[in-house]
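Welcome! Here is a short tour of a protein for someone meeting it for the first time. Please have a look at the structure, and then read on.

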Amino acid sequence: MAGRVERTFKFVIVGGGIAGVTCVEQLSSQIPSAEVALITAGPHIKAVTNYKQVSKTLEEFDVEERPSSVLEEKFPNLTVIHSAVQSLDTQSHSLETTDGRLFGYEKLCICSGGRPKLLTEENPYVLGIRDTDSAQEFQKRLSKAKRIIVVGNGGIALELVYEVEGCEVIWAVKDKAIGNTFFDAGAAQFLIPSLEADKPESAAPCKRHRYTTEEPAAGASQTFTADRNSQQHGAGPTETGSALGPDWHEGINLRGAQQVSRRVSVEYQCEVEKIFTSEELPDSQQQTLGPENAGSWPVYIRLTNGKTFGCDFVISATGVVPNTEPFLLGNNFALADDAGLQVDEHMMTSEPDVYAAGDVCTACWEHGPLWQQMRLWTQARQMGWYAGHCMAARVLSETIELDFCFELFSHITKFFNYKVVLLGKFNGQGLGPDHELLLRCTKGLESFSALAGWWERC
């Protein structure tokens, strides 16, 4: 890494998502005299609003996208640097941005989040939804679509199949039930009728400010790449915006080109075997297609259950992978099996003075019996707050113990317009085949499951 260091900061945080912004707020509050830098690729940051402590472990909050200037006005010791990170040199305690600037740090926290794990990386008909730009591209394509295929069974997939209207949706899941990441088969059966009914009217419109990036100038190139799902304006490396908020679909029109309200078909226990364009589809395969799949669909997808469907485009919602790429070359970070940066109980990585929080890291301390890591908004906020606390404690020579939020997993969310509360090993994670799960589902009324005394009621 050549060049002259432009400025050295006490603390540098990389990433304008919830983990990075929460870390900045914690550091600036604990040590207001310290110079803090936030390096973020986009013009906006994600801020926690309407925070509510529901219980000792449960919390509710909204995520709002705001201009980074709001954060600088709140904390005079903060400098926001609008650029992506090109490289990191942990030996010299410096990092280089994509615009060629070099900054030094005493303590660094990497909060670069994750990027979509796509089915294929170079197919224009396969989209991932991660940031504001990719959500806008999805909305644009959906407005002309008659049929889409959603692959995945996580949070994004659950939100999409419920919110999309005016377009046929084929939902391919690898599990025996929908939402396997978040709830059991009984709760899944309880929620299925919500896909058959009309969506209820919203109780109230979302009144929080929303900020979007400007449209590209005439003549500028605009490419949505398959690996990052972001825009490129002219030359230069692709920059990834921070992840969308939990209510990202509010305020945008998720309606297709048909007049139907909703039509969702679920294909269980299957994965994608192959993706074809209409030109690549073998003649033998075309002859076996039903009338609803024959014709001139731009893309076809063959599932492992033997079925082939045509559609306008495919949404890959199969999770995220930690966005560690800019930081690894020339350094000796220990990586976990899921490719995240390993962090200890003080959020420290294997490199000195380098911390990590949020989707980019993997908690490698000994977990409590009722806690597990899931790459969710709640944990991004908790990790960002705790990482800032640990960094400040190290500078102030204070001792710190693992925060209580890592003793019991807890998360509040909403699926299919139902509030969902998750506590501990909520789906029997870690149990072997010698346990039985008792289920009862009364359509439209309740879902009940019992496992070693654990139960839930929707």
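## Aromatic pairs

The structure holds eleven aromatic pairs; rings of Phe, Tyr and Trp (its six-membered ring) pair if their centres lie within 6.5 Å, and planes under 30 degrees apart count as stacked, over 60 as edge-to-face and the rest as tilted. One of them joins phenylalanine 138 and phenylalanine 313, whose ring centres are 6.0 Å apart with planes at 85 degrees, so this pair is edge-to-face. It links distant parts of the chain, 175 residues apart: phenylalanine 138 sits in helix H3 (residues 132-142) and phenylalanine 313 in strand S17 (residues 313-316). Helices (H or I, at least four residues) and strands (E, at least two) are DSSP runs, numbered from the N terminus. Phenylalanine 138 counts as buried at 0% relative accessibility, and phenylalanine 313 counts as buried at 2%. Here buried means under 20% relative accessible area, exposed over 50%, and partly exposed in between (1.4 Å probe, protein chains only).

Tyrosine 162 and phenylalanine 416 form a stacked pair, with 5.3 Å from centre to centre and 15 degrees between the planes. Tyrosine 162 lies in helix H4 (residues 155-163) and phenylalanine 416 in the loop between strand S22 (410-415) and strand S23 (418-423), so the pair ties together parts that are 254 residues apart in sequence. Tyrosine 162 is buried, with a relative accessible area of 7%, and phenylalanine 416 is buried at 4%. Elsewhere, Trp365, Trp371, Tyr386 and Phe406 form one aromatic cluster.

## About the model

This is a predicted model, in which local features need pLDDT of at least 70 and side-chain atom pairs count only at pLDDT 80 or more, while totals for chains, interfaces and linings use all residues. Residues are numbered from 1 along each chain as its sequence is written, and side-chain values use heavy atoms, with hydrogens and water left out.

## The whole protein

The protein has eight helices and 26 strands. Of its 458 residues, 51% count as buried. Among contacts (heavy atoms within 4.5 Å) with a separation of 6 or more, 65% are between residues 24 or more positions apart.

## Nonpolar cores

A nonpolar core is a set of buried Ala, Val, Leu, Ile, Met, Phe, Trp, Tyr and Cys residues joined through side-chain atoms within 4.5 Å. The largest one has 103 residues, and Ile13, Ile110, Phe138, Trp171 and Met347 touch the most other members. Helix H8 (residues 377-395) gives the largest share of this core, eight residues. Leaving aside neighbours within four places in sequence, methionine 347 is in contact with several residues, including Tyr355, Cys361, Trp365, Met383 and Tyr386. A second, separate core of 13 residues includes Val126, Ile170, Cys270 and Ile301.

## Helix H8

How many of the 19 residues of H8 are buried? The count is 14, so H8 is largely enclosed by the rest of the structure. At 1.5 Å a residue, H8 should span 27 Å, and its end C-alpha atoms are 27 Å apart, which agrees; the expected span is 1.5 Å times one less than the number of residues. Just after H8, serine 397 takes a positive phi of about 60 degrees.

## A buried lysine

Lysine 46 lies in strand S3 (residues 44-53) and counts as buried at 3% relative accessibility. Its side chain makes a polar contact with the side chain of glutamate 65 (2.8 Å). A polar contact is a pair of N or O atoms within 3.5 Å; within protein, one must be able to donate a hydrogen and the other to accept it, and residues adjacent in sequence count only if both atoms are side-chain atoms.
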